[in-house]
Amino acid sequence: MRMDKRGLLTALSKFFLVNFLLSLALGYRYLPDGLSFVSTIFVWVSLVANTVMLYLPLLLLGFFFVWVLPYRKVTLIFNAILLFLFQFFLLIDTVVYSIYNFHINGAVITIFTSGGFGDSVSLGGFTSILAGAIILGFLVLEFFLLRFFMKSSQDNGYKKKTKLFLFLWIGFAFLATDKVTYAVADMYNVTSIIRFVKILPLYQPLTIKSFMEKSFGFKIDREDDIRVSGDNKSLNYPKSPIIYHEQNIKRPNILVIFFDAWRYDMFTPETTPNVWEFSQKASVFTQHYSGGNASRFGVFSLFYGISGYYWHKVLGERRSCVLIDELQDLGYDFYISASTRLTYPEFRKTCFVNIPDYLHDKIEGENAIEKDPKLAKGFVDYLHKRKAEGEQKPFFSFLFFDGPHGTDYPPECEKFTPTQRSVNYLKIDDDSENVKMMRNTYKNTIYFDDSLMKEVLSTLEEDGYLENTIVVFSADHGQEFYENGFFGHCSAFDKYQTKVPFVVYWPGKEPAKHEKMTSHLDFVPTILTELGVSNPTSDYSQGKDLWQADTHKFVQSSGWDDAALIYPDGYFVFSVETYKAGLFEVRDENYKLQENQKERVSQKRGDLLKTIKGFSEFSR
């Protein structure tokens, strides 16, 4: 039976409007309780705006189908099934969110398809019957609604004009209000708004900080403006107040030195002679992995001791890390210095949000050749000043050198040749001469930063600091040059991008080489245990004390929209975002996709389930 297009569109508009209201009712399950007035208004505006965004492609698809094939029965079946599937997805997502505190992603899909969901959630007979009834009810409801509106439009002779465009304008008004409000709140660190970036599925925040800074000189590092009120805390980190079993023990100084993008096999006597020599009196962890394949997640995992998955929540709340908080309470002095600004990545708003006066990240210079030596000298001067003034307070320092992240080094550090400073991306591949030269350039940048360590290490020794200073050398992530078919970082989780050097000098400990699997997440529990914390490490970290005999079966590393479980003999990669929900793959030790993916995924099910439970472990 054919039906007038105008009548079909009128009926379809009403059908979509009712479903839109139904989706809002389901979306209410995402909204947290106990919010302030401002937060409540924003989350409701965001819910409406985000639902508008989700419905736009559905509306266009439904209308296009009517235009191409305006047959009543076909249109009825297609649109009823389309909206049923959407509502069903939304319903399941609200259930997943209520359990895990995140939305459907590759990990969740894997658990469902490999039969592991029942290991986490026991539905029971009654619940299963109820769920089936709800699903069937949804499907019947969709067919009934669309049939009702189509019959109503036909009986009325299609004389009533649809209010579709009015509702669209209202929807766009909500959308604009949501985006503008979030953009302004992000600039001014209004945590009662920006903390909600992850509560809605596929929510896309609008940020304009870079534009405002470049075009209007807007000040984006506004740490002094950050205030987190009680209703804004969705993180349960730490789970319990930190308690010390000893209050009067001698506190060691702590120094952490990172070379940006320094991968594990670039820690050699030839590439890093000064750090290598120093490592002969330290503990070297040869199977150590960063908590991420990007700077954000690598640095974050070391300072917070929890998965990089929590980065977005921590940033939204402007939450400091337990490590820095405890060191502050213990009376530590701080010296944090970096060759690049700590505003991007946003470490001023995460790791160091509570100590802005101790940050030295505005070093003058055009590149690492000029900035990295000044960074090293600044710290050496800091040490000399402490000694001259007889300072007795312990200190915590973090030095972040940027050399290997680029192609900058002075001529005297060109040890490895031939080299190439600029990258021609049209000509590079795994066998190209360009890549070999770029790898040499990269090695020279590491050699350059290592050369700066000579004065730093000699000052530590000559001024007597090594007697009571824990010194750590490591990196935020690695750097790949097509060894496994990838370039740079952020593109994979193989050993070239996630495995990094980890050298720990610990006063009183004999030098040793440790071949057990370790992670950046292990740093915080190791330090806090040394400081006398009596809490179980699970109260504030997902890592282990480095000095304990037990090892990790696997470690977890995070990226922008995916993550990986890293094993001694392979990798399991999965997505953590809804728009990549289909991604999950098992790779061998050479990062090659393995055969029989479904069977191998099933074998990793228990580890994956443990990991995704960990993604909600520190959420309220």
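Reader: Where does Ser 13 lie, and what makes Ser 13 count as buried?
Author: In this predicted model, Ser 13 lies in helix α1, which covers residues 5-27. Its relative accessibility is 6%, and buried means under 20%, so Ser 13 counts as buried.

Reader: How far apart are Ser 13 and Phe 149, in sequence and in space?
Author: They are 136 residues apart in sequence, yet 9.1 Å apart in space, going from C-alpha to C-alpha.

Reader: What about the chain as a whole: what share of the contacts with a separation of 6 or more comes from residues 24 or more positions apart?
Author: That share is 76%. The protein chain has 19 helices and 14 strands, and buried residues make up 55% of its 620 residues. It exposes about 27100 Å², with carbon and sulfur atoms supplying 57% of that.

Reader: On to the cysteines. How many disulfides does the count give?
Author: The count is 0 disulfides. Cys 321 is in none, and the nearest cysteine sulfur, that of Cys 351, is 5.5 Å away.

Reader: Let's do rings. How many aromatic pairs are there, and why is the pair of Phe 84 and Phe 88 called stacked?
Author: There are 52 aromatic pairs. For Phe 84 and Phe 88 the ring centres are 6.0 Å apart and the planes sit at 20°. Pairing asks for centres within 6.5 Å, and stacking for planes under 30 degrees apart, so this pair is stacked.

Reader: How are Phe 84 and Phe 88 placed in helix α3?
Author: Helix α3 spans residues 72-100, and the two are 4 residues apart in it, which is about one helical turn. Phe 84 is buried at 11%, whereas Phe 88, with a relative accessible area of 29%, is partly exposed.

Reader: What makes the pair of Tyr 335 and Phe 379 tilted?
Author: The planes of Tyr 335 and Phe 379 are at 50°, with 5.9 Å centre to centre. Under 30 degrees would be stacked and over 60 edge-to-face, so an angle in between is tilted. The pair links distant parts of the chain: Tyr 335 is in strand β3 (residues 333-338) and Phe 379 in helix α14 (residues 368-389), 44 residues apart. Tyr 335 is buried at 9%, and Phe 379 is buried at 0%.

Reader: Which lysines lie over the faces of Tyr 203 and Phe 416?
Author: Lys 179 is over the face of Tyr 203, 4.4 Å from the ring centre. Lys 443 lies over the face of Phe 416, at 4.3 Å from the ring centre.

Reader: Where is Ser 339, and how do you know that Ser 339 is buried?
Author: Ser 339 is in the loop between β3 and β4 (359-360). Its relative accessible area is 2%, and the limit for buried is under 20%, so Ser 339 is buried.

Reader: What joins the side chains of Ser 339 and Asp 372?
Author: A polar contact of 2.2 Å joins them. Leaving out residues up to four places away in sequence, Ser 339 touches several others, including Ile 363, Leu 375 and Phe 400.

Reader: What lies 2.5 Å from a polar atom of the side chain of Thr 445?
Author: That is the backbone oxygen of Tyr 442. Thr 445 is in helix α15 (residues 433-462) and is buried, with a relative accessible area of 0%.

Reader: Last one: what is the phi of Arg 318, and what is the phi of Cys 490?
Author: Arg 318 has a positive phi of about 55° although it is not a glycine, and it counts as buried at 4%. Cys 490 has a positive phi of about 75°, and it is not a glycine either. At 36% relative accessibility, Cys 490 counts as partly exposed.

How values were computed. Residues are numbered from 1 along each chain as its sequence is written. This is a predicted model: local features need pLDDT of at least 70, side-chain atom pairs count only at pLDDT 80 or more; totals for chains, interfaces and linings use all residues. Side-chain values use heavy atoms; hydrogens and water are left out. A disulfide is a pair of cysteine sulfur atoms within 2.5 Å. Buried means under 20% relative accessible area, exposed over 50%, partly exposed in between (1.4 Å probe, protein chains only). A charge sits over a ring if NZ of Lys or CZ of Arg is within 6 Å of the ring centre and within 35 degrees of the ring normal. A polar contact is a pair of N or O atoms within 3.5 Å; within protein, one must be able to donate a hydrogen and the other to accept it, and residues adjacent in sequence count only if both atoms are side-chain atoms. Contact means heavy atoms within 4.5 Å. Accessible areas come from the Shrake-Rupley method with a 1.4 Å probe; for residues, only the protein chains shown count as cover.
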